[in-house]
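This briefing covers charged and aromatic side-chain contacts. Please read it alongside the model shown here.

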Amino acid sequence: MLEKLRQRLQAHAPRRMRLDMPQAAVLMPIVDRPEPTLLFTRRAGHLNTHSGQVAFPGGKREETDRDLLFTALRESHEEIALPPDRVELLGRLSDVISLHGILVTPYVGLIPPDLPLVPDPDELDAIFEVPLELFLEDRRHHTDVIPVNGRPHYVPSYHTQGQVIWGLSAMMLVELLAEGFERPISLFDEPPSGRLCYFPERLLRSSKTETRLS
C-alpha cells in the first residue's frame, strides 16, 4: 500500500499558488506500522488561536528556512521532537489558505513506528495516531457543507479517540485519499450518504482563489 502511495504522490501535480501572503507548511506523518497510521497533534488549550483543535505538525515559514519542506521538518522537530532525518518524504499536496490568510503547503512523509515523540507543552496538549483504515473506509462522522464563493465544499468531519478532525486538516486528507489512494472522494461532490451540516456563508471568510478554513 505504501509503495503505491509513494508512486502516486510522486506522479501527482499539486496546485501551487503564487500569492503575496505569509507562508506555512505542515507534515502529514504516516507511521510505518503493519497497519499504517496517520499522526496528529492537538493544539494546547491556552493558545489564543485554534486552541484545542486537531492539526498536523507544522507552522509558519521563517526567513532563515531555505524552503517550505525545511519549514515543515523544522516545525515538526520543534513541536513533537521528530528528527528530520527520520522522515522519508513521499510527496507534496496542493496549497491551501487558512482562515487567517496564511498559505499552507502540506507534505506527506513516512516515519518509523515508536519514535520517542514528545509534544511541546507551549504549543500542544497531545500527539495521537489514527489508523489509515478509518479514512480509507471513509468512516466520517458527518460532512460539513461550507459555501465558498457560492460553491458548496463537502468537507468530512472525523470523530475518533475523543478528537475531531475537520476543516483544513480534513481538506488535506481528502486530497491524500483521492490522489494517494485513489479513493472516490472529492470536496466538490456530495457524499452518497451521511449527515450534512451546513455552515452559513456569513460566518466564513472566503478567498477568490481558494478555500480558507481554520
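A salt bridge is counted when a side-chain nitrogen of Lys or Arg lies within 4 Å of a carboxyl oxygen of Asp or Glu. The structure holds twelve salt bridges, and the count of aromatic pairs comes to four. This is a predicted model, in which local features need pLDDT of at least 70 and side-chain atom pairs count only at pLDDT 80 or more, while totals for chains, interfaces and linings use all residues. Residues are numbered from 1 along each chain as its sequence is written, and side-chain values use heavy atoms, with hydrogens and water left out.

**Salt bridges of R6**

- R6 and E3 meet through their side chains in a salt bridge, at 2.3 Å from N to O.
- Both R6 and E3 belong to helix α1 (residues 2-11), where they are three residues apart, about one turn of the helix. Helices (H or I, at least four residues) and strands (E, at least two) are DSSP runs, numbered from the N terminus.
- R6 has a relative accessible area of 16% and is therefore buried, whereas E3, at 43%, is partly exposed. Buried means under 20% relative accessible area, exposed means over 50%, and partly exposed is in between, with a 1.4 Å probe and protein chains only.
- R6 also forms a salt bridge with the side chain of E88, at 2.6 Å from N to O. This pair links distant parts of the chain, with R6 in helix α1 and E88 in strand β5 (residues 88-92), 82 residues apart.
- E88 is partly exposed, because its relative accessible area is 35%.

- R8 pairs with E182 in a salt bridge whose closest N and O atoms are 3.0 Å apart. The two residues connect distant parts of the chain: R8 is in helix α1, and E182 is in the loop between α4 (167-180) and β12 (196-198), 174 residues away.
- R8 is partly exposed at a relative accessible area of 24%, while E182 is exposed at 55%.
- Salt bridges with shared partners join E62, D65, R74, E75 and E78 into one network.

**Aromatic pairs**

- Rings of Phe, Tyr and Trp (its six-membered ring) pair if their centres lie within 6.5 Å; planes under 30 degrees apart count as stacked, over 60 as edge-to-face and the rest as tilted. By this rule there are four aromatic pairs.
- The ring centres of F40 and F56 are 4.8 Å apart and the planes are at 25°, so this pair is stacked. F40 is in strand β2 (residues 37-43) and F56 is in the loop between β3 (54-55) and β4 (58-60), so the pair ties together parts that are 16 residues apart in sequence.
- F40 and F56 are both buried.
- F40 and F128 are likewise stacked, because their ring centres are 5.7 Å apart and their planes are at 20°. This second pair links distant parts of the chain, F40 in strand β2 and F128 in strand β8 (residues 124-131), 88 residues apart.
- The relative accessible area is 0% for F40, which is buried, and 8% for F128, which is also buried.
- One aromatic cluster is formed by F40, F56, F128, F135 and Y158.

**Charge over a ring**

- The charged end of R151 sits over the ring of F188, 4.1 Å from the ring centre. The criterion is NZ of Lys or CZ of Arg within 6 Å of the ring centre and within 35 degrees of the ring normal.
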